[in-house]
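New notebook page. I want to look up the overall build first, then the packing inside.

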Amino acid sequence: ATGMAERGGVRLLMDIGTNGELVLGGRDGLLSCSVACGSAFEGAEISCGMRSVPGAISRVSFAQGEFWYVVIGGGYPKGICGTGIVDALAEMLKSGVIDGTGRLLEPDELPEGLRETVSVNKKGHLSFTVAPGVKLRAADIRKLQLAKAAVRAGIDILLREAGMETADVARLYLAGGFGSAMRPESAARIGLIPEELSDRVTVLGNAAGSGALRYATEEGAAESALGIIRRTRYIELSAHAGFTDAYVERMLFPERE
C-alpha cells in the first residue's frame with residue numbers, strides 16, 4: 001500500500017493499534033517488528049476510555065490557561081477515545097499537570113488556575129478532569145506510558161539494526177484507524193513518534209485494506225508481495241538484547257525547554 005518497497009531512500013511505516021506493526025527501509029531492504037501496545041490507545045484499558053464514536057472526546061488542547069476539548073458529534077462527552085487521550089497527555093505535559101516521569105502533580109503543586117483540574121479521591125488516588133465526568137487517572141497515564149514506550153523502543157531497535165539515525169528517515173507513514181487520526185505533534189510531544197519526523201508524516205488511513213485490494217485485483221501483485229517478503233528481515237523484539245533497555249529509557253516523556 002505504501003509503495004516503500006519500490007522506492008529509494010528510507011521510510012518508516014507505523015500501524016498502531018492493540019499491536020504496533022513497524023517497517024523501516026526501502027527498495028534496498030526492509031526491517032520489520034511488532035510490539036504489543038495493549039488496547040490503551042484504543043481506549044479499552046482507560047477508565048473513561050471508549051471507541052471513536054459519537055460522544056467521545058477526540059481532541060484536547062491547552063490555551064489561554066484552560067483546557068478545551070472537542071466531542072465527536074457534539075453534545076456532552078461520554079468518554080475519551082485514543083486521539084483525545086494522546087492529545088490530553090501532550091497538553092498535560094505542556095501545562096505542567098504531569099512531569100517528565102509521568103507523575104500527576106498534586107493540586108497544591110499546580111498554579112492556582114489549574115488546581116481544580118486535578119482531584120484526590122478518598123483513597124488518595126489522583127485524577128485529571130478532561131471534561132465533566134471524564135477523567136484520566138494516574139494509573140491510566142502509566143498504562144499509556146507502557147504502550148508508547150513499547151512502540152518507540154521498537155523504532156529505536158529498527159534504526160539501530162539498520163545502522164541509521166532518525167534524520168535518515170525521509171518519510172513517516174501512519175496507518176490504521178487510530179494512527180491515521182492522531183495529531184502528529186501530540187504523538188511527538190509524548191514520545192510516541194520521533195519529534196524530528198512530525199513534519200514528515202503521510203497519513204494512509206486503512207493501509208491494510210488498500211494493500212489487500214491491490215493484492216486481489218492487480219496483475220502480478222502476488223509475485224510482488226512475495227518479493228517484499230523475501231527482502232524483509234523480521235526482528236523478534238522479545239529476543240533482542242537491546243529491547244528492554246530501550247523500553248525502559250522510552251518510558252519517560254521527552255523534555256522540552
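How many helices and strands does the protein chain have? I count seven helices and 12 strands, taking helices (H or I, at least four residues) and strands (E, at least two) as DSSP runs numbered from the N terminus. The radius of gyration is 19 Å, close to the 18 Å from the globule rule for 257 residues, so the chain is as compact as a globular protein of that length. That radius is over C-alpha atoms, and the rule is 2.2 Å times the number of residues to the power 0.38.

Housekeeping: this is a predicted model, where local features need pLDDT of at least 70 and side-chain atom pairs pLDDT 80 or more, while totals for chains, interfaces and linings use all residues. Residues are numbered from 1 along each chain as its sequence is written, and side-chain values use heavy atoms, without hydrogens and water.

Next I checked burial: 47% of the 257 residues are buried, meaning under 20% relative accessible area with a 1.4 Å probe, protein chains only.

Then the cores, which are sets of buried Ala, Val, Leu, Ile, Met, Phe, Trp, Tyr and Cys joined through side-chain atoms within 4.5 Å. The largest has 67 residues, and Met14, Phe41 and Ile80 are among those with the most contacts inside it. Helix α2 (residues 138-162) gives this core its largest share, 10 residues. Another core, of eight residues, lies apart from it and includes Leu13 and Ala175.

Last, I looked at Ile80: leaving out residues up to four places away in sequence, it touches Cys48, Met50, Val130 and Leu136, among others, with contact meaning heavy atoms within 4.5 Å.

Notes: Buried means under 20% relative accessible area, exposed over 50%, partly exposed in between (1.4 Å probe, protein chains only).
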